[in-house]
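Dear colleague,

I am passing on the structure below, followed by notes on what came out of it. Please read the notes with the coordinates open beside you.

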Amino acid sequence: MFWRKKKDGANTSQSVEQTAPLVKAQQDMGATLVQTTSEPKARFVVGGGSSQSTVREIDHFMDGLMRRNPHEPEFHQAVFEFVETVMPFYLDHRKYTDARILERMTEPDRIVSFRIVWEDDNGVPHANKGFRVQFNSSMGPYKGGLRFDPSVNVSILKFLGFEQTYKNALTRLPMGGGKGGSNFHPKGRSDGEIMRFCHAMMSELFRHIGESIDVPAGDIGVGAREIGYLFGKYKQLSNHYTGGVLTGKGLTFGGSEIRKEATGYGVVVFAEDMLQQHGKSMKGKTVAVSGSGNVAIYAVQRAIRMGAKVVTASDSRGFVHLPDGFNDESFAILQDVKENRRASLAVLASEAKGVSYHAGKSPWTVPCNIGLPCATQNEIDEHMAATLVKNGIECLAEGANMPLTAQAIHVLKDANVIFGPAKAANAGGVGCSGLEQAQNAQRLIWTRQQVEAELEKIMRSIHKQCVDYAPVRNGVVDYQAGANISSFARVADAMLSYGYL
Ligand code: NDP
């Protein structure tokens, strides 16, 4: 059996075996980039503070989940991180245990899988896999992004769809959870190839989505350009203009102000709220960011505006280090290199002053007070987390989905680092998507100020929900537990209202 308690637990007697991606930290400048292999080996360890009976229940639950869903390490990890904090609350409420709600909520409503055939610039046909995981619609139509990346598989999309369900619940907007995408590799493809691929994908996807059914958006590899091609094809096939069927649209055809910036801005707003809750602030602090995509770019911008010094950004090929922090000039080059030229960060280092480039490394050995991982899942393992602690990190907010392994989170929490989990910290993106849907339904366009004000309200409300439900340990709010328990209760209560479905 795969999920098994370890006899000689490392820090407590509560160790259990698990799969998780291999991420190897190094001692030199920059740790090795994340390897998203699907055959990793590592361990889950239930965090200290859980009773033996709770650990037994988690063990039993995960054993069943892993038997029902073999070879899905990312999904196992996402569920483990959830049940680890929710289990005591779950066991305390018979209305949930009697209804077997945890078993029910970890099974997606459905998964659609299809073939996408498209033609490259040389007339050669290619076949890719396409998926949509419709995880849970208890709170509203399925809602969640599309990812284009060679690593995309059912395990990754189930983890993302599961996370999305609880993130969306925290926004308190009527949105269920879903996720989709393709193993298509967009890097190096021409604009014409991207267009043909998006059109081919929508030729099948359009049957499964709709403004009251399932509303996709962007994610890794899917930005405004791809959403434009997807929306255009949907409009042609359905022969009606339904703005609310996709979010992240361009401003000329139903998109919302601030959507592009929303996730990155929201992460920084959430980090600042967490810091203030603990009598601290981001002003004057050193911030390390990973990624240089949609989330990372606007996290960098907002953190600079808050008076922080942002010293890193990264991409899938390496990272840049700016000991004096980004300024207006280097930030403008970053935006241009990534949003327009779609080039490597090495170009930023060659064009801006005071920037060094570290090929094949990730930024987590650079000392910082605040960490904002905004690239991809499992970028930070326990070794990198220990390095961050050694270097004096005070607060970490997850911009990406599941950028930390379960053990890495324990390392931070054990060191009393303020930790903001993705489902709370990066909910600004989907929150703004909800506002885009509201504008589409009203057939109105809100001003930038209106959208920004509504978004701040959503982020503040998420922070409050976390604090209301969170235990406090050594003076530090456990936002992970707060976010998981609060969103669990909301989704579970809705599911109970529907009876046995
Ligand atoms: P983008 O595609 O815009 O950017 C992703 C960034 O991460 C790029 O800089 C990319 O490098 C880098 N990256 C991708 N894979 C790896 C890897 N294996 N190792 C190191 N770096 C990598 O995606 P987003 O910014 O939209 O998404 C980033 C994260 O945020 C994802 O986890 C996503 O699920 C999450 N998220 C996104 C939201 C949104 O609104 N967009 C909302 C909530 C969460 P390169 O430039 O070389 O491609």
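Ser-356 is exposed, because 11 other C-beta atoms lie within 10 Å, where a residue is called buried if 20 or more other C-beta atoms lie within 10 Å of its own, exposed if 12 or fewer, and partly exposed in between, with C-beta atoms placed from the backbone. This is a predicted model, in which local features need pLDDT of at least 70 and side-chain atom pairs count only at pLDDT 80 or more, while totals for chains, interfaces and linings use all residues. Residues are numbered from 1 along each chain as its sequence is written.

Ser-356 belongs to strand S13 (residues 356-359); helices (H or I, at least four residues) and strands (E, at least two) are DSSP runs, numbered from the N terminus. Its contacts, leaving aside residues up to four places away in sequence, are Val-320, His-321 and Ala-349, a contact being a pair of residues whose C-beta atoms, placed from the backbone, lie within 7 Å. Val-320 is 36 residues from Ser-356 along the chain, yet the two C-alpha atoms are separated by 5.6 Å.

Ala-217 and Leu-246 are 29 residues apart in sequence, and their C-alpha atoms are 5.6 Å apart in space. Once residues up to four places away in sequence are set aside, Ala-217 touches Gly-145, Leu-246, Thr-247, Gly-248 and Ser-433.

Ser-238 is found in helix H7 (residues 224-238) and counts as partly exposed, since it has 15 C-beta neighbours inside 10 Å. Between the C-alpha atoms of Ser-238 and Val-476, which are 238 residues apart along the chain, the separation is 51 Å.

In soluble globular proteins, nonpolar side chains tend to be buried together.

Helix H12 (residues 382-390) packs against helix H13 (residues 406-414) at an angle of about 20°, with the axes 8 Å apart; axes are lines fitted to C-alpha atoms, for helices over the stretch in contact, and angles run from 0 to 180 degrees between N-to-C directions. H12 and H13 are therefore roughly parallel to each other, given that angles under 35 degrees count as roughly parallel, over 145 as roughly antiparallel, 65 to 115 as roughly perpendicular and the rest as oblique. On the H12 side, Glu-382, Met-384, Ala-385, Ala-386 and Val-389 meet Gln-407, Ala-408, Val-411 and Leu-412 of H13. The contact of H12 with H13 has seven nonpolar, one polar and one charged residues, where Ala, Val, Leu, Ile, Met, Phe, Trp, Tyr, Cys and Pro count as nonpolar, Asp, Glu, Lys and Arg as charged, and the others, Gly among them, as polar.

Helix H9 (residues 294-305) and helix H10 (residues 328-340) pack at an angle of about 170°, their axes being 11 Å apart, and are therefore roughly antiparallel to each other. Ile-297, Val-300, Gln-301 and Ile-304 in H9 meet Phe-331, Leu-334, Gln-335 and Lys-338 in H10, and the residues of this contact divide into five nonpolar, two polar and one charged.

Helix H2 (residues 73-91) and helix H17 (residues 479-497) pack at an angle of about 65°, with their axes 9 Å apart. Here Phe-82, Thr-85, Val-86 and Phe-89 in H2 meet Gln-480, Ala-481, Asn-484, Ile-485 and Phe-488 in H17, which gives six nonpolar, three polar and no charged residues.

Arg-100, in the loop between helix H3 (94-98) and helix H4 (101-105), has a positive phi of about 50° although it is not a glycine. Asn-474, in the loop between strand S18 (472-473) and strand S19 (476-477), likewise has a positive phi, near 50°. Most residues other than glycine have a negative phi.

Technical notes. Two residues are in contact if their C-beta atoms, placed from the backbone, lie within 7 Å.
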